[in-house]
Every structure is written in structure tokens, then in C-alpha cells.
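Work through the exercises below with the model open. Try each task before reading its solution.

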Amino acid sequence: MKLPYAEPFKIKSIEMLKRTTKEERVKLIKEADYNLFNLKSDYVYVDLLTDSGTGAMSDKQWAEIMIGDESYAGARSYYKLKNTIKDLLGFNYFLPTHQGRAAENVLFSVLVKEGDIVPGNSHFDTTKGHIEFRKAKAVDCTIEEAFDSTFIHPFKGNVDIIKLEKVLQENPIEKIPMVIMTLTNNTSGGQPVSMANLKEVSILCKKYGTKLIIDSARFAENSYFVKIREDGYQDKTIKEIVKETFSYADGMTMSSKKDAIVNMGGFIGLKDEELFKQASTFNIIYEGFITYGGMSGRDMGALAQGLDEGTEFDYLESRIKQVAYLGQKMKDYGIPVMEPFGGHAIFVDAKKFFPHIPQSEYSAQLLGVELYIEGGVRGVEIGTLLADRDPVTREDRYPKLELLRLAIPRRVYTNNHMDYIAASLKNVFDRRDEYKHGLKILDEAPIMRHFTVKLDRI
Ligand code: F0G
């Protein structure tokens, strides 16, 4: 008999979960104004709101917590992290920050000016926010195939090289401080970028004289997909693929809360000393001295260890196989999910799940609410609520895809939880025709409304 797959780790510490009844959840979600962000986590059984900062650290990471050096300047833990970043990612210069968006804030304070253009592959919200806040423009050059939820393409995170070159050609290059490549591409469904595509982008950046910056939150998951799906990489280790990935970049921003498997932290990696010096000033103003930047010594130690573990094939295989296990289970139930399955999450297509409920009634949010009521499972809407209103017309903006994201925390849940999630969603799916109406907004903030919006059933 062929032996089945099993995880390459065992569990040393556990946290008990509370259970609520369906009747309680009907009441709780109403009290939360049908906004999943308003729920107390104690009332959530399986929490798939995000894979950011929600992972389980290893025994070796916890050991780092005990031996952290908390010196203000020049701490041992800082040098441990600096050496790991140099050895693993190839950046001579680095700045710690408290999380990913802080790294964006510091680096963009140097690079982005009013009127600039920053092309890329579907920038993440905070990245776009930091660009637009500086009155610059983020231009999305992702391949068209990414917007068809069922089209099978191994690298749906890729940039359309023709679209990108057009942007570089048609604008003065002094207005384009960088191209940002997001690995994996969260916004388009946790989809990877191929090495070939990254190489082509880097050639274009050199040809036109601009920088290539990698938004690296899920760079290790991206490298796993390169190894599995791209010709010529099968025999390379993840660490070799990671090294090649960053060899094409001038710099990187990192949210360590994802692929480095820590609960908080971020950093900037740079190759150019002058840019590092300029960014250091902003790091000191916004984050802290350049050898801690908003992180404690112990957290830098755990992060260094996490970077090493997070770039091991066995771990990544267990991680991505678990996400795919959930996706396949849902697909087998006939639930419309985005394909290929993403690295960190399964995205449910609400337009296909509830074809009779219009986007104006926030169908993906309704799906999130009903999944919570059914099983105490919390996902997050990536649809019309998140897309917000047009700043000029104040009308709702309707995105091409109306999705419920189920992000899987790293090393936290078992496949029994995956079965439970899929069964909960199947029960909602079997009743889908009984839901006649979606939700309406009672109250909302002028921007980033999804965090605090108050909703009610129509
Ligand atoms: N870049 C990407 C691709 C991200 O997914 C995130 C965060 C960030 C940057 C910002 O990092 O949260 O450490 O400040 N994504 C989280 C998510 C919030 O749920 O997808 P941060």
C-alpha cells in the first residue's frame, strides 16, 4: 500500500477553542452588525479572517524568544536577522519595521513623489494606499487571465509584459520610481509569479532605468509554486529558488507575519547603500533606531528562525497541500471556487454561489455571514465592501470578482478542520436558493469602510 501524505511536524502546544450554538451565532452576528471584524475571536471556531500573524511558531522560534537581546543599539538578535537576510535573500542592507505596511511607508517616503506612477501586478491595498496617499498612481498590469476565476494558468500572478512596457514607454521615466511585483499575488487570489516573468520584468526595469521592488509577504510560497510548476526548477531547493528570485530585485518590502511565520514584524531589504541611508532617516522617524525598527530583539530572533523554516520544502509542501485539500473538497461539493487554488487561501466566487443576489446587496459578505452562522467559521469579504466607493461620484465600485476569502493560518488547523469548513459551506450551498436578499449598509466610514461598516439584512 502506498503510504499517505502526513505532516513533517508534531504538535507540542495547543489552545482550546470555544464552541457556540447556531442560535447563539445568529444573535452574535446581528449584534456585530453583520460585520465579521466586529466578532470577538472567542466566538469564532475556525478563524480564516487572515493568514497574517496567525501562524503557530515552532519550538526553535520560541527558544529564540528566550534568548533575544534587547539592547537598544547593535543587539545580537539584530545581527542574527541581518545575517539571515543576507545569506537567504541576498540583501546587504536591511531595516527592521513593525510590519509590512510600515516597510512600505519608510521605503515609499524616499521613492514616491506626487504625480509618480508605480506599475505592478495588482498591488495589495496597503501598498496602493501608500502610493495614493502620496498622490501617485498604482497601475495594474496583471495578465487578463487572472480575472477569470476558473481559467487554469499556472502563474496567474504574472504581469502582462506588453502592458508594462507600454506604461514604461509612454511616461517620463523620472515619474516611475519603481515597478512593484507582489509574490504571491494576494489580490488576484494568492496566485504565483513565474521566474521567467520576474526575469522579464527585471530586464525591462534595467532597460528603462527604474527599480524593481518585490512585495515579498508570501515569497516562499511563490518559490514552492516555481519549483512545482516551472520548467527547470524541479531539482532546485526552495532556498536556491528564493536566492534567484531576489537576485532580480533592487529591494524588497516584507510583512514577516506571513511566510516568516511570526505574529508581528516586517522589514526592508536593499542592495544600494545610498538608498539604505535615505530610508534609514525615515525608519528612525517612523519606526525606531535602525537596529530594531519597532521590533523587540526576541521577535527579530524568532523572525530569523522563521525565515529559515519557512523556506524549507517539507514545511511548504504541508502548507500548500492543506490549502489545496480544502479547495478540492469544496470543488467536489460543487462549490464555485477560484482556480488554480491559491497558496494561502481558497477564494469562493460569490457571484456564482448566489447568482440571484446582486453585488449591490454585498453577496460575498452575505456568504461570510451565513458561513459564520452555519459553522462558526470566519472568512473575509474581498468584494464590493472592500472596493469602497468611487472618491468622486461616491457610488459603490463593483469589482470584477466578488469573493469570500478563506485564508489558512500556518501550522494551526488540522485537515479535520478543513473537512469541517467544507461541510459548513456545503450546507449553506445546499440552501442557496432560500436566501432571497443580501445586505444593506446602515453606517460606513468615508474610507476603508469594510473594517467598521454596519449592515443589516434587506
Ligand atoms: N503586502 C501583501 C501582499 C499583503 O498581503 C499584506 C498584508 C501587506 C503587504 C501588508 O502587511 O499587514 O504586515 O502591514 N496582508 C494581510 C492579509 C493583512 O490579510 O492579506 P502588514
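## Exercise 1: A loop residue and its cover

Ser-41 sits in the loop between α1 and β1 (46–47). The model is predicted.

Solution. 
- Step 1. Exposed requires over 50%, and buried requires under 20%.

## Exercise 2: Salt bridges across the chain

Task: State how many salt bridges a search of the whole structure finds. Then describe the pair formed by Glu-374 and Lys-22.

Solution. 
- Step 1. The search of the whole structure finds 33 salt bridges.
- Step 2. In the pair of Glu-374 and Lys-22, the closest N and O atoms are 2.8 Å apart.
- Step 3. This pair links distant parts of the chain: Glu-374 belongs to helix α14 (residues 363–375) and Lys-22 to helix α1, 352 residues apart.
- Step 4. Glu-374 has 12% relative accessibility, so it counts as buried.
- Step 5. Lys-22, at 32%, is partly exposed.

## Exercise 3: Lys-239 and its partners

Solution. 
- Step 1. Asp-308 is in helix α11 (residues 297–310) and Lys-239 in helix α9 (residues 238–247), 69 residues apart.
- Step 2. Glu-312 is partly exposed at 41%.
- Step 3. Elsewhere, salt bridges with shared partners join Asp-51, Arg-218, Glu-221, Asp-259, Arg-319 and Arg-410 into one network.

## Exercise 4: Backbone exceptions

Task: Say which residues are joined by the cis peptide bonds with omega about -25° and about -10°. Then examine phi of Ile-261 and of Arg-411.

Solution. 
- Step 1. Most residues other than glycine have a negative phi, and most peptide bonds are trans.
- Step 2. The bond with omega about -25° joins Leu-183 and Thr-184. Thr-184 is in the loop between β5 (178–182) and α7 (195–208).
- Step 3. The bond with omega about -10° joins Glu-339 and Pro-340. Pro-340 is in the loop between α12 (313–332) and β9 (345–349).
- Step 4. Ile-261 has a positive phi, near 50°. Its loop runs between β7 (251–255) and β8 (266–270), and at 1% relative accessible area Ile-261 is buried.
- Step 5. Arg-411 has a positive phi, near 65°. Its loop runs between β12 (403–407) and α16 (415–430), and at 22% Arg-411 is partly exposed.

## Exercise 5: Surface patches

Task: Name the members of the nonpolar patch and of the negative patch.

Solution. 
- Step 1. Phe-9, Ile-11, Ile-14 and Met-16 form the nonpolar patch, with about 480 Å² of accessible area together.
- Step 2. Met-16 lies in the segment before α1 (22–31) and is exposed at 69% relative accessibility.
- Step 3. Asp-250, Asp-272, Glu-273 and Glu-274 gather in the patch of negative charge.
- Step 4. Glu-273 is in helix α10 (residues 273–286), and at 40% it is partly exposed.

Technical notes: Residues are numbered from 1 along each chain as its sequence is written. This is a predicted model: local features need pLDDT of at least 70, side-chain atom pairs count only at pLDDT 80 or more; totals for chains, interfaces and linings use all residues. Side-chain values use heavy atoms; hydrogens and water are left out. Patches are made of residues with over 30% relative accessible area and no salt bridge: like charges are joined within 9 Å, nonpolar side chains (Val, Leu, Ile, Met, Phe, Trp, Tyr) within 5 Å. Accessible areas come from the Shrake-Rupley method with a 1.4 Å probe; for residues, only the protein chains shown count as cover. A salt bridge is a side-chain nitrogen of Lys or Arg within 4 Å of a carboxyl oxygen of Asp or Glu. Lys and Arg count as positive and Asp and Glu as negative; His and the chain ends are not counted. The place of a charge is taken as NZ of Lys, CZ of Arg, CG of Asp or CD of Glu. Helices (H or I, at least four residues) and strands (E, at least two) are DSSP runs, numbered from the N terminus. Buried means under 20% relative accessible area, exposed over 50%, partly exposed in between (1.4 Å probe, protein chains only).
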